[in-house]
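Here is a friendly briefing to read alongside the structure. Take a moment with the view below, then work through the topics one by one.

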Amino acid sequence: MKTSSYKAVSLIVLLHTVVLISGCSVGAKIAVSAFDVQYPVSQTSSFYDSQNQLKTEADYEPVKDFNFTFTKWGVSSMIEIRNSEDISNRLNNIIEKNGGDAIVDLQISVNNPAGKNGLLWFTKRLLPQLLCFLLFWQ
């Protein structure tokens, strides 16, 4: 009786641990927004000006390339927690500082270090199976 109680408690603890660990290893979700930019922003090489005219690469001269990074820490994606970053002020400042009229070819990328972490992968994939084997092997 004592052995089966021990196994049941161990299994419950193991399942809770697996749920928490596996969520962390897939990474958190983040939303990037720029709702308050005072200038045109485009992910292509063209944009519409204030007169609603399409401007292509032949109609403007690039002023300066830029990039910036920021870090947002998240919680397991198994628990839905909304995490966001508004980059409007940064984009406005870049345009005003450099005397531009718009931002073109905007690219946003996300780096998920948890997906590259071998220890987290091991913990997520192999450790739960190993623990189950050890707990219930007779």
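Contact here means that heavy atoms lie within 4.5 Å. Please keep in mind that this is a predicted model. With that in hand, let us start with the chain as a whole and then visit a few residues.

**Overall layout**
- Five helices and four strands make up the secondary structure of the chain.
- Reading from the N terminus, the elements follow the order α-β-β-β-β-α-α-α-α.
- The chain has 138 residues, and 20% of them count as buried.
- If you take the contacts between residues at least 6 apart in sequence, 74% of them join residues at least 24 apart.

- You will find S88 in helix α2.
- Is S88 buried or exposed? Its relative accessible area is 2%, so S88 is buried, given that buried means under 20%.
- Leaving aside residues up to four places away in sequence, S88 touches S33, A34, F35, D36 and V37.

**Aromatic pairs**
- How many aromatic pairs are there in the count? The count comes to two.
- One of them joins F47 and Y60, whose ring centres are 5.7 Å apart; their planes meet at 50°, so this pair is tilted.
- This pair links distant parts of the chain, since F47 belongs to strand β2 (residues 47–48) while Y60 sits in the loop between β3 (54–55) and β4 (84–86), 13 residues apart.
- F47 counts as buried because its relative accessibility is 11%.
- F66 and F68 also form an aromatic pair, a stacked one, with 6.4 Å from centre to centre and 10° between the planes.
- F66 has a relative accessible area of 32%, which means that F66 is partly exposed.
- F68 is likewise partly exposed, with a relative accessible area of 29%.

**A nonpolar patch on the surface**
- Which residues form the nonpolar patch on the surface? They are I30, V32, I108 and V110, and together they have about 310 Å² of accessible area.
- To place V110, look at the loop between α2 (88–98) and α3 (113–116).
- Why does V110 count as exposed? Its relative accessibility is 63%, and exposed means over 50%.

Notes. Residues are numbered from 1 along each chain as its sequence is written. This is a predicted model: local features need pLDDT of at least 70, side-chain atom pairs count only at pLDDT 80 or more; totals for chains, interfaces and linings use all residues. Side-chain values use heavy atoms; hydrogens and water are left out. Patches are made of residues with over 30% relative accessible area and no salt bridge: like charges are joined within 9 Å, nonpolar side chains (Val, Leu, Ile, Met, Phe, Trp, Tyr) within 5 Å. Accessible areas come from the Shrake-Rupley method with a 1.4 Å probe; for residues, only the protein chains shown count as cover. A salt bridge is a side-chain nitrogen of Lys or Arg within 4 Å of a carboxyl oxygen of Asp or Glu. Helices (H or I, at least four residues) and strands (E, at least two) are DSSP runs, numbered from the N terminus. Buried means under 20% relative accessible area, exposed over 50%, partly exposed in between (1.4 Å probe, protein chains only). Rings of Phe, Tyr and Trp (its six-membered ring) pair if their centres lie within 6.5 Å; planes under 30 degrees apart count as stacked, over 60 as edge-to-face and the rest as tilted.
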